[in-house]
Amino acid sequence: MQCAAIICILVVAFVSPLCALTTALFSARVFHHFILIAVLAPLLALNLEGRLPRLPWRLPALTEIPFLAHTIVYWAWHLPPGYSFALSNSLAYWGMQLALIVTAVWLWRTMLVSAGPGRRIALALATMAQMGFLAAILTFAPYPLFAEHLLTTESYGMTALEDQQLSGLIMWTFGLVPYLVVALSSVRTMLHMTAWRGVE
């Protein structure tokens, strides 16, 4: 079931008209990235559990490292210089997609598999905070930040600034929901654990 879902998501992301739309609308690009990092990545993280080879040495169990890696990658590709570079050639474009997916899978695997409920809540809320901050920049910027879309949005009934504002709203809504679900489910787990200990 998970493999079928992963294939369907890849088709939507890279074969459907959504992929072509990302060249014209930054908001479509943001939604495209949301599908990769918040829908595809957790499925891949769960599907890879138990299939990765064991390393002959132990890595430090620092849950902050995947969060920092994903945050740096996420911001780097969604700020104007990195975004322009990503669209400059095919190698840079696929480098952007691969970096987002790999760091997102790492973060989701940490949240869903390695971290306890408390750490899971912290990671989910921290991810929501950094995404929300970027969303605020995109939503409230007084002018368009991405030159690549200055002339590509009018045929879709939007100015470049409106397209950019829509991308911020997508981050604030669709983009944050999976992390909120993880945080709330972890709070519920902690409450159940506390209640169970109280009964004992």
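A residue is taken here as exposed when its relative accessible area is over 50%. In this predicted model, F140 has a relative accessible area of 62% and is therefore classed as exposed. F140 belongs to helix α7, which covers residues 117-140, and together with L166, L169 and W172 this residue forms a nonpolar surface patch of about 390 Å². The greatest contribution to the nonpolar patch, three residues, is made by helix α8, which runs through residues 160-172.

Rolling a probe the size of a water molecule over the atoms shows where empty space is left. Across the whole structure, two cavities of 30 Å³ or more were found. The largest cavity has a volume of about 60 Å³, and its lining is formed by V30, H33, F34, I37, Y74, M131, M171 and G175. Helix α3, comprising residues 26-48, supplies the largest share of this lining, with four residues. By residue class, the lining of the largest cavity consists of six nonpolar and two polar residues, with no charged residue.

The lining of the second largest cavity is made up of five nonpolar residues, two polar residues and one charged residue.

Methods
Residues are numbered from 1 along each chain as its sequence is written. This is a predicted model: local features need pLDDT of at least 70, side-chain atom pairs count only at pLDDT 80 or more; totals for chains, interfaces and linings use all residues. Side-chain values use heavy atoms; hydrogens and water are left out. Patches are made of residues with over 30% relative accessible area and no salt bridge: like charges are joined within 9 Å, nonpolar side chains (Val, Leu, Ile, Met, Phe, Trp, Tyr) within 5 Å. Accessible areas come from the Shrake-Rupley method with a 1.4 Å probe; for residues, only the protein chains shown count as cover. A salt bridge is a side-chain nitrogen of Lys or Arg within 4 Å of a carboxyl oxygen of Asp or Glu. Helices (H or I, at least four residues) and strands (E, at least two) are DSSP runs, numbered from the N terminus. Buried means under 20% relative accessible area, exposed over 50%, partly exposed in between (1.4 Å probe, protein chains only). On a 1 Å grid over the protein atoms alone, a cavity is a set of points where a 1.4 Å probe fits but cannot get out, and a pocket is an open set with protein on both sides within 12 Å along at least five of seven lines; lining residues have an atom within 4 Å of a point. Grid points are joined across faces, edges and corners, and a volume is the space filled by probe spheres set on the points. Ala, Val, Leu, Ile, Met, Phe, Trp, Tyr, Cys and Pro count as nonpolar, Asp, Glu, Lys and Arg as charged, and the others, Gly among them, as polar.
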